[in-house]
Amino acid sequence: MRTRRVFLNRLDPIREPVDAVVVIDVLRSFSTAAYAFVAGAGTIYPVETIAAAFRLQRQLPDAVTTGAVGGGDPIPGFDFGNSPAELQHVHLAGRPLIQTTAAGVRGLTRFRHARALFAGSLVLARATASALLELQPAEVCFVITGEWVDRDGDEDVACADYIDALLQGEQPDPEHYAARVRESDFGRRFLADDNPHLPARDLHLCAQPDRFDFALAAAHVDGHLQLRRVRCALPGQSPAAGEVRHALRLRDTRGTPPTARTEGC
């Protein structure tokens, strides 16, 4: 299985990924999405623009909204910022969630035509590797979204390095990658305690490797990009007896989207 990396905010031409793509946003889009599912979100709709998010909310009046503009400030009129800490003790009770962010969500929509598309973060790293191993694509492309003119993006590169190592059959120390998240340019801003919208609690929640046992797969459903949880047995594990888990397949060359079947991985 080949792997490579592209950087969302670089202007250099890139060879368009056609197989499996993992769009990584550790701080904080796809960490927030993971915590939102744990809080009970039914479906997450990644929407690229604020205006489109409000339009979709009018179609889904029960939906809640979460997101931030570049730099991390919350979007006026949204229910939540792009913050896992805000969602930790919320009970969404199956409500849909609309997410708009300047990096992660933009990356998902940019690569929405990949044969398999995942939203990656450190809290989902091992589960994402497991889903990719189930798919066995010829190539996995990691999209680094956190690199900006004033940020090194190493929180996302670290996550890509960790998943890549797992795909190669290695068993590296997860704490090494968590430390890189905390020590990245953006990670240090959460520890500076000078921006109420970048709380240290968010950094703590985002820098927990493999906290959750599901991956986030993106697919177009009814004209909208949606995230859903998929579970596969983690490397070295077998599915628990009686537990139904999702398996995946790459969509075919005619563009049929990947589907889940209710079988063990």
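What share of the contacts in the protein chain with a separation of 6 or more comes from residues 24 or more positions apart? I found 72%, where contact means heavy atoms within 4.5 Å.

**Entry: ground rules.** I am working on a predicted model, in which local features need pLDDT of at least 70, side-chain atom pairs count only at pLDDT 80 or more, and totals for chains, interfaces and linings use all residues. Residues are numbered from 1 along each chain as its sequence is written, and side-chain values use heavy atoms, with hydrogens and water left out.

**Entry: the whole chain.** I listed nine helices and 13 strands in the protein chain. Helices (H or I, at least four residues) and strands (E, at least two) are DSSP runs, numbered from the N terminus. I then looked up burial. Of the 265 residues in the protein chain, 54% are buried. Buried means under 20% relative accessible area, exposed over 50%, and partly exposed in between, with a 1.4 Å probe and protein chains only.

**Entry: helix H5.** I went to residues 125-135. Helix H5 is largely enclosed by the rest of the structure, because nine of its 11 residues are buried. Among the buried ones I noted Ala125, Arg126, Thr128 and Leu135.

**Entry: after H5.** Gln136 follows H5. Its phi is near 55°, a positive value in a residue other than glycine. I placed Gln136 in the loop between H5 and E7. Is Gln136 buried or exposed? Gln136 counts as exposed, because its relative accessibility is 51%.

**Entry: helix H6.** H6 is mostly covered, with 12 of its 14 residues buried. Glu155, Asp156, Tyr162 and Leu167 are among them. Gly169 follows H6 and has a positive phi, near 85°.

**Entry: Ser184.** I found Ser184 in the loop between H7 (174-183) and H8 (185-191). Ser184 counts as buried, because its relative accessibility is 1%. Which side chain makes a polar contact with the side chain of Ser184? That of Glu155 does, at 3.3 Å. A polar contact is a pair of N or O atoms within 3.5 Å; within protein, one must be able to donate a hydrogen and the other to accept it, and residues adjacent in sequence count only if both atoms are side-chain atoms. Glu155 is also one of the buried residues of H6. Leaving aside neighbours within four places in sequence, Ser184 is in contact with Leu27, Asp152, Asp154 and Glu155.

**Entry: the Leu27 to Arg28 bond.** Leu27 turned up among the contacts of Ser184. The peptide bond from Leu27 to Arg28 is cis, with omega near 15°. Arg28 is found in the loop between E2 and H1 (29-38).

**Entry: Thr101.** I found Thr101 in the loop between E5 (97-100) and H4 (104-110). Thr101 counts as buried, because its relative accessibility is 6%. A polar contact of 2.8 Å joins its side chain to that of Ser29. Not counting residues up to four places away in sequence, Thr101 touches Ser29, Gly67, Ala68, Asn82 and Arg106.

Entry: Ala200 is in helix H9 (residues 200-206). Ala200 is partly exposed, with a relative accessible area of 41%. Leaving aside neighbours within four places in sequence, I found Ala200 in contact with Phe190 and Leu191. Asp210 lies in the loop between H9 and E10. Phi of Asp210 is positive, near 60°. Asp210 is partly exposed, at 23% relative accessible area.
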